[in-house]
Amino acid sequence: MDSVTVVDHPLVQHKLTFMRKKESSTAGFRRLLREISLLLCYEVTRELPMTMETIETPLAEMRSPVLEGKKLVFASVLRAGNGLLEGMLDLVPSARVAHIGLYRDHETLEPVEYYFKAPEDLSDRLVIVVDPMLATANSAIAAIAKLKERGAKDLRFVCLLAAPEGVKKFTEAHPDVPIVTASIDERLNEKGYIVPGLGDAGDRMYGTK
Ligand code: PRP
Ligand code: URA
């Protein structure tokens, strides 16, 4: 995969516009995030390896493709990652799931870890890390470092919005991990928020502000 893929599909861009609007409701925001996650999942899994299997249709025997290898892992960076995770599990129901609890300290913008649970055998599985926002990239860099520590070798990162500063820092820290995003916005503001962005993804998903 390219090191950064921006998914410019019209449906993704249309839905993202509605998510950005400050007047979108909590329910609407969550629904749109789930819908976009299906389209981002389609994109990030586009090059999964396949193998051929012999099957019988009602009319004939044939060789037909199925996914090869061990079940993939979705790793959700809590809380907001769960908004992408749920839709992705609809498309790949047999995937394994890792949860990484991180929040960004509002003063230092450094990630603080509070939870980690992942399948044990990460080394021979594709791990797709999901979090809607790549701002300073501190959270994503820490999440991926933790997964690598636990053996993950083949990773991808999926987000909804990225800041150019975050993309640069992320690709320097983890040049082996491709990014899939719906948009690279203009910049970070002085508080580390993506501009124009959509605000705080977790708060907008769960109505906590
Ligand atoms: C948000 C977002 C990312 C992080 C991005 O989470 O979901 O995890 O900020 O910022 P960064 O790239 O500068 O690290 P937050 O820390 O607000 O936690 P939450 O999902 O629990 O609201
Ligand atoms: N986290 C968010 O939820 N939004 C931003 O703009 C930056 C970090």
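The lining of the largest pocket is made up of 14 nonpolar, seven polar and six charged residues, where Ala, Val, Leu, Ile, Met, Phe, Trp, Tyr, Cys and Pro count as nonpolar, Asp, Glu, Lys and Arg as charged, and the others, Gly among them, as polar. This is a predicted model, in which local features need pLDDT of at least 70 and side-chain atom pairs count only at pLDDT 80 or more, while totals for chains, interfaces and linings use all residues. Residues are numbered from 1 along each chain as its sequence is written, chains are lettered from A and ligands numbered from 1 in the order in which they are written, and side-chain values use heavy atoms, with hydrogens and water left out.

A pocket is an open set of points on a 1 Å grid over the protein atoms alone, where a 1.4 Å probe fits and protein lies on both sides within 12 Å along at least five of seven lines; its lining residues have an atom within 4 Å of a point. The largest pocket holds about 590 Å³ of space, a volume being the space filled by probe spheres set on the points, which are joined across faces, edges and corners. Among its 27 lining residues, Tyr103, Arg104, Ser139, Asp200 and Gly202 lie nearest the centre.

Ligand 1 sits in this largest pocket, meaning that more than half of its atoms lie within 2 Å of the pocket's grid points. Around ligand 1 there are 15 residues, the closest being Arg104, Asp131, Thr136, Ala137 and Ser139, and a residue counts as near if one of its heavy atoms lies within 4 Å. The space taken by ligand 2 is also the largest pocket, and Arg104, Met133 and Tyr193 are among the residues that surround ligand 2.

The table gives polar contacts, which are pairs of N or O atoms within 3.5 Å.

| Residue and part | Ligand atom | Distance |
|---|---|---|
| Arginine 104, side chain | Ligand 1, oxygen | 2.7 Å |
| Aspartate 131, side chain | Ligand 1, oxygen | 2.4 Å |
| Isoleucine 194, backbone | Ligand 2, oxygen | 2.8 Å |
| Glycine 199, backbone | Ligand 2, nitrogen | 2.8 Å |
| Alanine 201, backbone | Ligand 2, oxygen | 2.8 Å |

Of the 240 Å² of accessible area that ligand 2 has on its own, the protein covers 88%, with areas computed by the Shrake-Rupley method with a 1.4 Å probe. By class, the shell around ligand 2 contains five nonpolar, two polar and two charged residues, whereas the shell around ligand 1 has seven nonpolar, four polar and four charged.

Note on methods:
A polar contact is a pair of N or O atoms within 3.5 Å; within protein, one must be able to donate a hydrogen and the other to accept it, and residues adjacent in sequence count only if both atoms are side-chain atoms.
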